[in-house]
Amino acid sequence: IHIKKDGQWFLQRVNEGPELPPSNYEHLKELEWLIGSWVDDTSDHDQAGAAKNPVVHTTCRWSVNRNFLIRNFTATLNGQVTATGVQHIGWYAPTQQIRSWTFDSRGHIIASMWQKSGDSWKIVTKEVLQGGEIVRGDETLTRKDNNTQIWTVDLQTADGKSQKTDVVVKRVKPEHLSHKTK
């Protein structure tokens, strides 16, 4: 606090406190419901009992200072890991929008732009495969309820073919909450 005495300004009191680091939480808080552990619910099996589609386990958490949502994922097919990766979802100030960057163990890099649309998020993706081919996609993420999300994925492959998939993803309850104690 400054005071003026005899025509001059003086410091009367100085308070020190922790400086709060900048955060993009206000821009990302509508996606906070993604925090937790999730698993897809679309495993389909052939006649021999082998899974046709990978099962994807995802965990989502805040980064320090809540500047990013960080999603780690592992895809398995018949018990074997087929891919792992990490996605950072953040506020991109130059375009004033939410964007994400995904890096996976196959060498793929995906850059995405997110836009809220009613109760859903429209996500436009550009995936660069390890060999340099580009796959473009339109995704829709819909929060069905607190424990269910629906991902609708429409990919346009490098050879011009379209692949559309709906994936139901369920929240996984933490182990310590899934068992009743006696």
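Reader: Let's start with S100: buried or exposed?
Author: S100 is buried, as its relative accessible area is 1%. Buried means under 20% relative accessible area, exposed is over 50%, and partly exposed falls in between (1.4 Å probe, protein chains only).

Reader: What kind of model am I looking at, and how are residues numbered?
Author: This is a predicted model, where local features need pLDDT of at least 70 and side-chain atom pairs count only at pLDDT 80 or more, while totals for chains, interfaces and linings use all residues. Residues are numbered from 1 along each chain as its sequence is written, and side-chain values use heavy atoms, with hydrogens and water left out.

Reader: OK, so where is S100 placed?
Author: S100 is in strand 7. Strands (E, at least two residues) and helices (H or I, at least four) are DSSP runs, numbered from the N terminus.

Reader: Which side chain does S100 make a polar contact with?
Author: With the side chain of W114, at 2.9 Å. A polar contact is a pair of N or O atoms within 3.5 Å; within protein, one must be able to donate a hydrogen and the other to accept it, and residues adjacent in sequence count only if both atoms are side-chain atoms.

Reader: And what else does S100 touch?
Author: Leaving aside residues up to four places away in sequence, S100 touches Q87, H88, I89, I110, A111, S112 and W114. Contact here means heavy atoms within 4.5 Å.

Reader: Switching to rings: how many aromatic pairs are there in the whole structure?
Author: There are 5. One of them is W33 with W38, edge-to-face at 6.2 Å centre to centre, with 85 degrees between the planes. Rings of Phe, Tyr and Trp (its six-membered ring) pair if their centres lie within 6.5 Å; planes under 30 degrees apart count as stacked, over 60 as edge-to-face and the rest as tilted.

Reader: Why does W33 count as buried?
Author: Because its relative accessibility is 10%. W38 is buried too, at 2%.

Reader: Back to W114. Why is its pair with W151 edge-to-face?
Author: The ring centres are 6.4 Å apart and the planes sit at 85 degrees, so the pair is edge-to-face. W114 is in strand 8 and W151 in strand 11, 37 residues apart.

Reader: Last one: where is confidence lowest?
Author: In helix 2 (residues 175-178), with a mean pLDDT of 52, while strand 7 is highest at 98. pLDDT is the predictor's confidence in each residue, from 0 to 100.
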